[in-house]
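Q: Hi, can you walk me through this one? I'll ask as I go.
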Amino acid sequence: MELITVKDVWKTYRVGGEDLHVLKGVSMNVRRGELVALTGSSGGGKSTLMNTLGCLDRPTSGNYWLDNVDVSGLDPSARAVTRGRKIGFVFQNFSLLARTSALDNVLMPLTYATQRPTPADGRKRAVALLERVGLANRMDHYPSQLSGGQQQRVAIARALVNNPALLLADEPTGNLDSKTSVEILDMFKRLNAEEGLTVLLVTHDPAVAATAHRVIFMKDGLIESGAFAPELAGEST
Amino acid sequence: MTLFPPTFAVALHALRRNLVRSALTTLGIVIGVGAVIAMVEIGQGSKRAVAESIQSLGANNLLVMPGQASSGGVSFGGGSTPTLTPGDADAIVREVSSAVAVAPVVRARTQVIAGGKNWVPLYIYGTTSDFLSVRDWAVADGRAFAPAENNGMANVCLVGRTIARQLFGSASPLDQTLRVNNTPLRVIGVLVAKGANTFGADQDDIVLAPWQTIKFKVSGQSAQTANQSVAAAAGATGNSSTRFPSQQPSPYPLQTATEAADFPAPPLPTFVDQILVRIGDEADIPGATRQISVLLRERHRTRSNQPDDFNIRDTAELSSAAVATAQLMSGLLLAVSLISLVVGGVGIMNIMLVSVTERTKEIGLRMAVGARPKDILWQFLVEAIVLCLAGGAVGILCGWGGAWAVRTFLHWRTEPSIPAVIAAVGVSAFVGVAFGFYPAWKASRLDPIDALRYE
């Protein structure tokens with residue numbers, strides 16, 4: 001069943017009195033438990049689509065169902081709540097809070113969660129996640145004391161602390177060397193395989209995109225290929 | 001922390017992360033509130049000091065004068081009929097709560113002689129030692145009247161500087177004797193120099209003695225008033241026996257000594273020329289005037305359709321000056337306080353705006369992980385308010401410290417002020433909200449995409 005369903009989404013910016021269509025009627029879907037890469041040349045609308053899928057932005061027209069809820073018309077506050085509950089973000093530049101320990105960084109999203117666990121439970125969950133990403137002995141380190149790969153793993157733990165349905169990774173290996181990139185990509189694969197986490201990798205790197213089960217290729221505001229998940233046996237679209 | 005929204009903890013955490021900057025930011029409020037507290041405490045002290053100087057001029061004095069007398073349609077002006085008794089003075093101090101000191105006064109004007117010199121003092125007052133408290137006057141050398149001297153006819157007196165200089169020159173007048181109307185009075189004290197009053201009359205040209213001494217020994221053994229105007233009035237309106245002394249025997253012969261002893265005359269009422277009342281607070285003067293008026297009408301058994309047989313005068317000019325000075329100083333303090341707090345608030349707003357800009361990425365990240373605009377608004381607002389309140393608390397301590405230093409090292413007068421503390425806390429919280437709101441609102445309106453991409 002689909003976690004993400006996008007139907008005829010347009011995104012138009014007004015630049016200098018002229019309409020600039022960045023998304024020109026995109027339709028796509030992502031099933032639960034898929035590992036999908038969203039790729040394409042720069043300026044092709046990749047980032048805009050990712051912002052829309054991440055509920056950071058709303059489409060100008062068209063519909064977007066996340067987890068069977070139409071989120072395309074929500075106001076900023078409701079979108080914030082949706083992001084907190086359903087989406088975990090991993091960014092290219094890690095975006096950790098400076099002078100804040102790895103553990104506190106992972107705990108940060110819980111501050112804004114609608115159903116907050118008790119401090120003890122939240123802490124337990126954060127510790128478990130840091131152990132899961134292999135940073136059990138680095139919990140009290142500040143980001144400045146961690147390597148790039150370690151910082152990105154803290155960011156992954158942070159993205160997972162709210163038990164999101166979707167992990168959105170925006171160029172997660174863009175700032176990492178090739179060896180660490182492989183480690184991080186392996187981690188996404190493992191999370192996807194072992195826990196059935198739906199992962200959407202946004203990347204321009206074909207090598208990174210190759211780790212995914214399916215590659216959605218964008219060009220000029222439209223999806224060229226891989227827009228829909230292959231139909232499963234016994235299920236009709 | 002369960003009581004507060006979690007953003008509260010985030011705000012505190014953010015402040016702790018930038019401890020030095022937070023401290024510097026709040027310095028404006030610290031100085032502002034500290035200045036307010038110190039200024040108010042010093043100002044209250046100065047205000048009280050100024051008020052007391054004005055009071056020593058007699059701003060809180062009430063003067064009760066006897067009513068007017070008239071004869072044949074001719075009025076003799078205020079104070080020309082004897083109606084006030086020493087009992088009235090005692091009743092005022094007993095019944096009127098705002099009257100802190102009351103002194104009956106008997107006046108005389110005659111020559112004083114000491115050694116080979118003589119002088120006619122401007123004021124010869126028969127009174128009690130309360131006169132000194134009413135007029136806020138201290139004894140420079142010697143002592144005031146003892147209680148026994150107050151109510152007796154002791155031959156003692158206090159003299160002003162001018163009398164001391166005129167009669168005794170550079171010698172100490174203490175324990176010297178001066179004669180007033182042939183009554184010898186021993187000088188037991190010299191008053192502090194007061195100078196001229198607002199009308200140029202030399203206030204130091206004064207002799208004070210117990211009122212019965214003046215009444216019965218100096219002013220002549222008249223049981224009637226010592227007020228000469230009445231006697232003069234009686235003469236002026238033509239008591240024929242004084243103008244045309246009769247040669248015929250008196251129809252009412254004088255009592256012999258035995259007759260006088262056998263039939264003692266009832267004691268005649270004694271009258272005083274005026275009663276001076278000191279009111280504790282200028283603000284109570286109108287109320288005290290009313291109370292004294294009611295009390296004296298009752299004591300004098302004045303019927304409701306009859307006019308007062310006395311007049312109460314206040315030094316309205318002086319007391320209004322005292323009130324105006326107090327208001328002026330309060331206004332001045334308020335203006336200074338407001339300015340310093342506004343300056344402090346602008347400082348906070350400035351740093352909060354810098355902080356919002358500096359933490360744009362952080363705000364974007366927080367929004368991405370689910371922070372609503374409301375959460376961001378609260379976080380920055382709480383930061384500003386906490387900064388202001390902490391600054392306010394430190395400022396209060398600094399203000400107290402400053403006031404203490406001024407009191408200890410400069411020997412200025414200060415007065416602790418609880419309203420100032422409450423106001424400082426309130427105003428610093430208000431400044432926090434007022435100047436923290438704009439930066440916080442700006443932060444909450446950031447677009448998460450732009451904020452995340454902000455470098």
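Q: How many residues does each chain put into the contact between A and B?
A: Chain A gives 19 residues and chain B gives 18. Keep in mind that this is a predicted model.

Q: Which element of chain A gives the largest share of the side that touches chain B?
A: Helix α2 of chain A, residues 76–86. It supplies six residues.

Q: And what classes of residue are on that side of chain A?
A: Ten are nonpolar, five are polar and four are charged.

Q: Now the chains themselves. How many helices and strands are in chain A?
A: Chain A has seven helices and ten strands.

Q: And in chain B?
A: Chain B comes to 16 helices and 14 strands.

Q: What about contacts between residues 24 or more positions apart?
A: Take the contacts with a separation of 6 or more. In chain A, residues 24 or more positions apart account for 69% of them. In chain B, such residues account for 82%.

Q: New topic. Where does UniProt put a transmembrane region in chain B?
A: The UniProt entry, which is unreviewed, places that feature at residues 20–40, 332–356, 376–406 and 418–438 of chain B.

Q: Let's do helix pairs. How do α14 and α15 of chain B cross?
A: Helix α14 covers residues 373–410 of chain B, and helix α15 covers residues 418–444. Their axes come within 7 Å and cross at roughly 150°. Angles over 145 degrees count as roughly antiparallel, so α14(B) is roughly antiparallel to α15(B). The crossing is right-handed.

Q: What classes of residue make that contact?
A: The contact of α14(B) with α15(B) has 23 nonpolar and seven polar residues. It has no charged ones.

Q: What sits in the loop between α14 and α15 of chain B?
A: His411(B) has its place there. It has a positive phi of about 60°, although it is not a glycine.

Q: Is His411(B) buried or exposed?
A: Exposed. His411(B) has 7 C-beta neighbours inside 10 Å, and the cut-off for exposed is 12 or fewer.

Q: Which residue other than glycine has a positive phi in chain A?
A: Asp220(A) is one, with phi near 50°. Asp220(A) is in the loop between β9 (214–219) and β10 (222–225) of chain A. It is partly exposed, with 13 other C-beta atoms within 10 Å.

Q: Back to α15(B). How does α2(B) cross α15(B)?
A: Helix α2 spans residues 19–56 of chain B. The axes of α2(B) and α15(B) come within 10 Å and cross at roughly 155°. That makes α2(B) roughly antiparallel to α15(B). The crossing is right-handed.

Q: Which residues make the contact?
A: From α2(B), Ile29(B), Val33(B), Val36(B), Ile37(B) and Val40(B). From α15(B), Ala420(B), Val421(B), Ala424(B), Ser428(B) and Val431(B). Nine of these residues are nonpolar, one is polar and none is charged.

Q: Why would residues three or four places apart point the same way?
A: An α-helix has 3.6 residues a turn, so residues with that spacing point the same way.

Q: How do α3 and α11 of chain B cross?
A: Helix α3 is residues 86–95 of chain B, and helix α11 is residues 285–299. Their axes come within 10 Å and cross at roughly 135°. That makes α3(B) oblique to α11(B). The crossing is right-handed.

Q: Who touches whom there?
A: Asp88(B), Ala91(B), Ile92(B) and Glu95(B) of α3(B) meet Ile292(B), Leu295(B), Leu296(B) and Arg299(B) of α11(B). Five of the contact residues are nonpolar, none is polar and three are charged.

Q: Last one. How many residues of α7(B) are buried?
A: Six of the eight residues in α7(B), which covers residues 211–218, are buried. They are Trp211(B), Thr213(B), Ile214(B), Lys215(B), Lys217(B) and Val218(B).

Q: What do they pack against?
A: Strands β4, β7, β10, β11 and β12 of chain B.

How values were computed:
Residues numbered from 1 in each chain as written. Chains lettered and ligands numbered in written order. Predicted model: local features only at pLDDT ≥ 70, side-chain atom pairs only at ≥ 80, totals over all residues. Axes fitted to C-alpha atoms, helices over the stretch in contact; angles between N-to-C directions. Helix = DSSP H or I, 4+ residues; strand = E, 2+ residues; numbered from the N terminus. Parallel < 35°, antiparallel > 145°, perpendicular 65-115°, else oblique. Left-handed = near helix turned anticlockwise from the far one by under 90°. Contact = placed C-beta atoms within 7 Å. Nonpolar A, V, L, I, M, F, W, Y, C, P; charged D, E, K, R; others polar. UniProt positions renumbered as here; feature names shortened; annotations may be inferred. Buried ≥ 20, exposed ≤ 12 C-beta atoms within 10 Å, placed from the backbone.
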